[in-house]
Amino acid sequence: QVQLEETGGGLVQAGDSLRLSCAASGRTFHLYNMAWFRQAPGKEREFVAHIQWSGDVTSYAGSVKGRFTISKDIAKNTVYLQMNNLKTEDTAVYSCAARYSIVSPYNYWGQGTQVTVSS
């Protein structure tokens with residue numbers, strides 16, 4: 001199995017940028033992909049972006065496309081989420097997740113990191 005730890009959250013102003021990191025440890029070699037999700041207070045958790053572990057395919061939620069970029073550094077077993085032009089509605093707890101197969105759910109989750117965007 002794989003263990004995930006997010007870092008990089010914080011309090012920023014609207015229009016600012018922030019980069020989140022998700023360090024993976026354990027059995028990373030056979031991962032299919034990793035993803036970022038977020039959950040705002042009182043709302044359901046929502047998908048933000050994902051990236052293939054052994055390829056370069058990425059996907060984004062419409063609300064972040066063009067502002068957020070997901071990337072990875074295999075040598076460091078780390079996935080990043082670069083967030084630009086942040087909006088107040090981006091305020092949420094951001095969590096990274098991993099899975100070993102495209103047909104399996106995301107079974108592995110980090111503890112989450114808070115991102116707060118003030119106006």
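## Close-up views of a predicted model

**View A. E6, a buried residue without a salt bridge.** The nearest side chain of opposite charge to E6 is that of R45, 8.9 Å away. Buried means under 20% relative accessible area, exposed over 50%, and partly exposed in between, with a 1.4 Å probe and protein chains only. A salt bridge requires a side-chain nitrogen of Lys or Arg within 4 Å of a carboxyl oxygen of Asp or Glu. Lys and Arg count as positive, Asp and Glu as negative; His and the chain ends are not counted. The model is predicted: local features need pLDDT of at least 70, side-chain atom pairs count only at pLDDT 80 or more, and totals for chains, interfaces and linings use all residues. Residues are numbered from 1 along each chain as its sequence is written, and side-chain values use heavy atoms, with hydrogens and water left out.

View B. Strands (E, at least two residues) are DSSP runs, numbered from the N terminus. The E6 side chain reaches two backbone nitrogens: that of C96 at 2.8 Å and that of G112 at 2.9 Å. Leaving aside neighbours within four places in sequence, E6 is in contact (heavy atoms within 4.5 Å) with residues including W36, Y94, C96 and G112.

**View C. M34 in the largest nonpolar core.** A nonpolar core is a set of buried Ala, Val, Leu, Ile, Met, Phe, Trp, Tyr and Cys residues joined through side-chain atoms within 4.5 Å. This core has 29 residues, and those with the most contacts inside it are M34, W36, L81, M83 and Y94. At least two core residues come from each of β1 (2-7), β3 (18-26), β4 (33-39), β5 (46-52), β7 (68-73), β8 (78-83), β9 (92-99) and β11 (113-118). Apart from neighbours within four places in sequence, M34 touches L4, C22, A24, A49, H50, I51, W53, I70, V79, A97 and A98.

**View D. Strand β5 and the strands paired with it.** Two strands pair if DSSP finds at least two bridges between them. β5 pairs in the antiparallel sense with β4 over six bridges and with β6 (residues 58-60) over three bridges. N33 has Q52 of β5 as its bridge partner, and H50 has S59 of β6. Six residues separate β4 and β5 in their hairpin, and G42 in the turn has a positive phi of about 75°. The hairpin from β5 to β6 runs through five residues. Five of the seven residues of β5 are buried, so this strand is largely enclosed by the rest of the structure.

**View E. Salt bridges around D90.** The model has four salt bridges. D90 meets R38 with N to O at 2.9 Å; D90 is in the loop between β8 and β9 and R38 in strand β4, 52 residues apart. D90 also meets R67 with N to O at 2.7 Å. R67 lies in the loop between β6 and β7, so this pair ties together parts that are 23 residues apart in sequence. D90 and R67 are both buried, and R38 is buried too. Salt bridges that share partners join R38, E46, R67 and D90 into one network.

**View F. The salt bridge between D56 and K72.** The closest N and O atoms of this pair are 3.6 Å apart. D56 lies in the loop between β5 and β6 and K72 in strand β7, so parts 16 residues apart in sequence are tied together. D56 counts as exposed, at 70% relative accessibility.

Definitions and conventions: Helix = DSSP H or I, 4+ residues; strand = E, 2+ residues; numbered from the N terminus. Polar contact = N/O pair within 3.5 Å; in protein donor to acceptor, adjacent residues only side chain to side chain.
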